Structure formats: structure tokens, C-alpha cells
Amino acid sequence: MNKMELKQVRSGKRLVKHWHRNLGMFILIVVSLLAITGIALNHSDDLHLNKKFVKWNWVFNLYGLKTPKNILTFSLDGNWVYKVGSTLYLNDFEIQHTGGQLVAATKLSNLYIIVLQNDILLINYDGELIDQLSDTTDYLQDIQAAGINQSKLVIKTANQIIESDDEFLEWELSKSQNIIWLSSQNAPAYVLAQIDRNFRGSGLSYERIILDLHGGRVFGKAAVYFWDLCAIGLLMMCLSGAWMWIKPKKNTRQKTINQQLLN
Amino acid sequence: MIRFYTLFVFIFCFIVSPVEAKSVYQTPKGFVNEVFSGNPPKPKTLWLTKRYMPTIKKILSHSYRKKRIRYWRGNNKSVWILEEIGKEKPITLGIVIEKQQIIQLTVLVYREKRGDEVRHRFFTKQFDNAKLKKDLHLDRYIDGISGATLSVQALQKLARVALYLDSQTNE
């Protein structure tokens with residue numbers, strides 16, 4: 001190896017060392033985070049991380065678990081009906097999973113009547129389902145509003161306004177001008193808290209958050225790619241580290257030979 | 001190469017697209033109208049009180065989902081619209097009973113992803129003229145359909161419930 005080649009090897013080593021150091025600084029935070037969260041996940045069961053739940057609002061917001069503002073609430077003798085996602089609630093009690101938006105709720109004939117977009121549920125005071133006026137019937141499609149006319153339920157669909165009999169079995173066109181249309185009421189703070197709780201379920205476990213921190217998902221989709229970049233950086237550091245570890249030995253041996261040749 | 005990617009994207013979209021499983025073959029109202037030739041009687045209601053609940057629970061192995069059942073009776077026939085969960089979602093049946101035997105059983109709404117073969121006539125005709133024995137079982141063996149076992153069971157249970165309720169309301 002002549003002087004030129006020797007110079008090239010030395011400059012190559014300097015270059016790798018330079019990149020190795022800079023890359024190390026660049027991925028320092030991410031690798032530290034990966035190491036700490038990795039250790040925590042390794043001992044998740046011992047630390048009961050899956051049984052402990054985060055209650056911080058800013059974390060919920062970060063996950064997009066912000067309770068929608070437009071949830072309709074209806075008061076029935078102090079009991080509140082609302083729908084969170086696909087689940088219909090009477091206070092904290094889950095009535096059932098159902099499709100379509102909640103349109104209205106009222107009390108009639110000793111029953112709670114819950115009107116949904118394509119369905120009407122009759123519920124007793126214990127929250128048990130008495131009957132479900134099916135969404136497969138011809139007339140209960142695309143319900144837009146519900147009202148009361150002399151103790152009878154009135155439904156406004158896209159095409160017509162119909163009125164039920166006392167037992168909610170038969171429907172006929174309503175010609176009444178004295179319909180009192182039902183509208184939602186503003187829920188008190190404790191009901192809003194119930195809605196929040198039901199929307200968020202048990203909340204987010206520490207294990208889930210740590211897992212998402214470990215994968216970078218907690219910072220958004222772009223962070224996952226950044227994490228990938230850091231992982232590639234770590235791989236390159238391993239290779240450059242190994243190269244630098246191997247190279248000096250060769251260089252030392254080569255250096256001795258070169259010294260002898262030069263002398 | 002572009003064609004390959006287009007095909008790949010198409011197949012991927014096809015695989016991940018959500019399946020709309022609910023199939024309404026006939027509305028309950030349409031079914032009742034058909035049975036009574038467009039002139040149905042007023043519907044009646046049966047409240048599932050303590051009188052009926054133990055037997056229904058014995059047949060279904062659980063309580064019926066609703067506390068009130070609507071049915072129609074006229075021309076010596078009774079029509080029952082009943083629901084039972086097959087695997088995950090309810091199957092809606094229309095059952096016509098005359099002289100305490102089934103004369104028609106029709107799947108009106110099928111909401112499960114698989115097993116909708118039970119709606120075909122080749123299967124439902126097995127219920128024609130079926131009666132309820134004293135032990136609350138049908139008087140015949142119903143051949144199953146592989147891959148639709150739970151749906152088949154749900155249909156059999158509802159057939160038994162309908163025959164039982166008909167016997168109770170026809171006294």
C-alpha cells in the first residue's frame with residue numbers, strides 16, 4: 001500500500017467516525033426512549049401497566065378521544081337518554097348497540113320512547129327493551145323529528161308525518177296542527193361527565209401509551225417513519241461501529257508494514 | 001408493472017372493504033300483507049310475562065330479547081315475526097301457523113356475514129307442516145347446513161317458540 005492508498009484509508013476512517021458520531025447524537029433521544037419504553041414493556045405484567053389507566057385530558061386529546069360536542073341529550077323524568085358512538089344509554093346504563101342517529105326521546109304510556117333515525121325503541125323504566133319497531137318496515141325510514149299529539153307519538157319522515165296508535169302498532173297520516181315537536185335539552189355537568197366516561201371507556205392504559213411511545217405512533221403517522229429512519233440509523237451505527245472496531249487492527253498491522261517499507 | 005400495481009391495489013381494496021352483511025329479503029309488513037293477501041288483520045300483542053318466560057327460556061336457552069311480541073291472527077292462521085341471534089346478529093323470521101303446524105317459514109332479514117343459505121326454500125321447506133311435540137321439540141329432524149349451524153339452530157328455536165306461542169294464544 002502506497003502513501004496515497006494509506007491516506008485514503010485514513011480519510012475513509014475519519015469520514016465513518018464523523019458520521020458515526022453525528023448519527024449517534026441524532027438518534028440519541030429516540031434510542032433512549034426505545035430503551036426505556038422497551039424495559040417498561042418487558043415488565044408490563046409486573047408493573048401492572050395494563051391495569052393502570054391515564055386520566056389526563058391532554059393525553060385523550062392527543063389520541064383524538066375528545067368527546068363530540070354535538071351529542072343530543074333528552075331528559076325523561078330526570079333520567080337522561082343519549083347515544084355515544086353506536087351505543088344508546090339511559091343514564092349510565094347501556095340499553096343497546098344500534099345504528100342511526102338519536103332523534104328524540106319522550107315518555108308515553110308508561111314507557112320511554114326512543115326515536116332513532118330508522119328505528120323506534122320502547123323501553124321500560126328499568127331500561128329493558130319492550131319492543132323495537134323495526135327499521136325494516138316501510139314507514140319508519142329516515143326519521144327526521146318526533147313529536148306528541150294528544151298523547152300519541154308523531155313521526156316526521158322525509159316524505160310524511162305519521163301518528164301511531166296507543167300501543168305503537170299501527171300508523172296513520174297525521175293531519176294535526178297541534179303537534180309538539182320534541183327537542184333535546186342541555187344536560188347538567190354530571191351527565192356530561194357520564195358521557196365523557198362512556199365515550200372514553202376505561203380510558204387509556206399505561207401499557208398502550210408506552211407501546212405507542214415505543215412505536216412512535218403517539219406522535220402521529222409521520223413519527224412512525226421517523227422512528228424507522230432512526231432504526232436504520234441505529235443499524236448503520238452498528239455497522240460503522242463494527243467497521244471502526246475492525247479497521248484499526250488492520251491499519252495497525254498495515255501501518256507497521258508500511259513503516260518498514262518506507263524505511 | 002403499472003398494471004400489476006393497479007391489480008394489487010384493486011385486490012387490496014376489495015379485501016379490506018367493509019362487508020354490508022344486512023340483507024332484507026322481505027319487510028315484515030310485506031310478509032304479513034302477502035300472507036293475508038293484502039288485507040291483514042289488526043296486529044295483536046303478546047306480553048312475555050312470567051307465564052311464558054320459563055318455557056321460552058327453555059327453548060332459546062336465554063330470555064327473549066323483547067318483552068312484547070307482535071302477531072297477526074285471521075283466517076285460522078297466525079303470523080309471527082320473531083328474532084334470534086344466529087352467531088352475532090339477529091335473524092328476523094316470519095312464521096305462519098295454521099292448525100298448530102307451520103305452513104310457512106321465511107327468513108325476512110339476515111344480518112350475519114355467513115350462513116344465509118338458510119333463507120333458501122330447499123332449507124325452509126323442511127319446516128312445512130312441522131308440529132311441536134310435548135317435549136317442546138319439533139316432530140321432525142331438520143337437516144343442517146355446514147357453515148350455517150348456528151343459523152340453522154336459531155331457525156329451529158324460533159319455529160318452536162312460534163308454535164308454543166300459537167298454542168298459548170289460540171286457546
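**Chain contact and sheets**

A: The contact takes in 17 residues of chain A and 16 residues of chain B, where contact means heavy atoms within 4.5 Å. This is a predicted model, in which local features need pLDDT of at least 70 and side-chain atom pairs count only at pLDDT 80 or more, while totals for chains, interfaces and linings use all residues. Residues are numbered from 1 along each chain as its sequence is written, chains are lettered from A and ligands numbered from 1 in the order in which they are written, and side-chain values use heavy atoms, with hydrogens and water left out.

Q: What area is buried between chain B and chain A?
A: About 1,600 Å², with carbon and sulfur atoms giving 50% of that. Buried area here is the accessible area (1.4 Å probe) that two parts lose on being put together, summed over both.

Q: Which residues in chain B lose the most area to chain A?
A: B:Lys29, B:Arg68 and B:Arg70, which together make up 34% of what that side buries.

Q: How many salt bridges between chain B and chain A?
A: Five. A salt bridge is a side-chain nitrogen of Lys or Arg within 4 Å of a carboxyl oxygen of Asp or Glu. One of them pairs B:Lys67 with A:Glu128, whose closest N and O atoms are 3.8 Å apart.

Q: And how many residue pairs in polar contact?
A: Nine between chain B and chain A, with both residues at pLDDT 80 or more. A polar contact is a pair of N or O atoms within 3.5 Å; within protein, one must be able to donate a hydrogen and the other to accept it, and residues adjacent in sequence count only if both atoms are side-chain atoms.

Q: Which classes of residue are on the side of chain B that touches chain A?
A: Nine charged, five nonpolar and two polar residues. In that scheme Ala, Val, Leu, Ile, Met, Phe, Trp, Tyr, Cys and Pro are nonpolar, Asp, Glu, Lys and Arg are charged, and the others, Gly among them, are polar.

Q: OK, switching to sheets. What order do the six strands of chain B take?
A: E1-E6-E5-E4-E3-E2, in an open sheet with antiparallel pairing. Strand E1 (23-24) and E2 of chain B are at the edges with a single partner strand each, so one side of each is left without a neighbour in the sheet. Helices (H or I, at least four residues) and strands (E, at least two) are DSSP runs, numbered from the N terminus, and two strands pair if DSSP finds at least two bridges between them.

Q: How many bridges between E3(B) and E4(B)?
A: Four, with E4 of chain B covering residues 77-85. B:Gly74 has B:Lys77 in E4(B) as its bridge partner.

Q: Where does H2(B) lie?
A: Across E3, E4, E5 (90-98) and E6 (101-110) of chain B, at about 155° to E4(B). Helix H5 (residues 149-169) of chain B also packs on the sheet, touching E2, E3, E4, E5 and E6 of chain B, and makes about 140° with E4(B). Axes are lines fitted to C-alpha atoms, for helices over the stretch in contact, and angles run from 0 to 180 degrees between N-to-C directions.

Q: Now chain A. What order do its four strands take in the open sheet?
A: E6-E7-E8-E9, with antiparallel pairing. The twist averages 15° from one strand to the next. Within chain A, E7 (residues 111-116) and E8 (residues 119-123) are joined by five bridges, and A:Ile113 has A:Leu122 as its partner in E8(A).

Q: How many residues are between the strands in the hairpin of E12(A) and E13(A)?
A: Six, and A:Phe168 takes a positive phi near 60° there.

Q: Last one: how many salt bridges over all chains?
A: A search of the whole structure finds 15. Among them, A:Arg197 meets A:Asp92 at 2.9 Å, N to O. That pair links distant parts of the chain, 105 residues apart.
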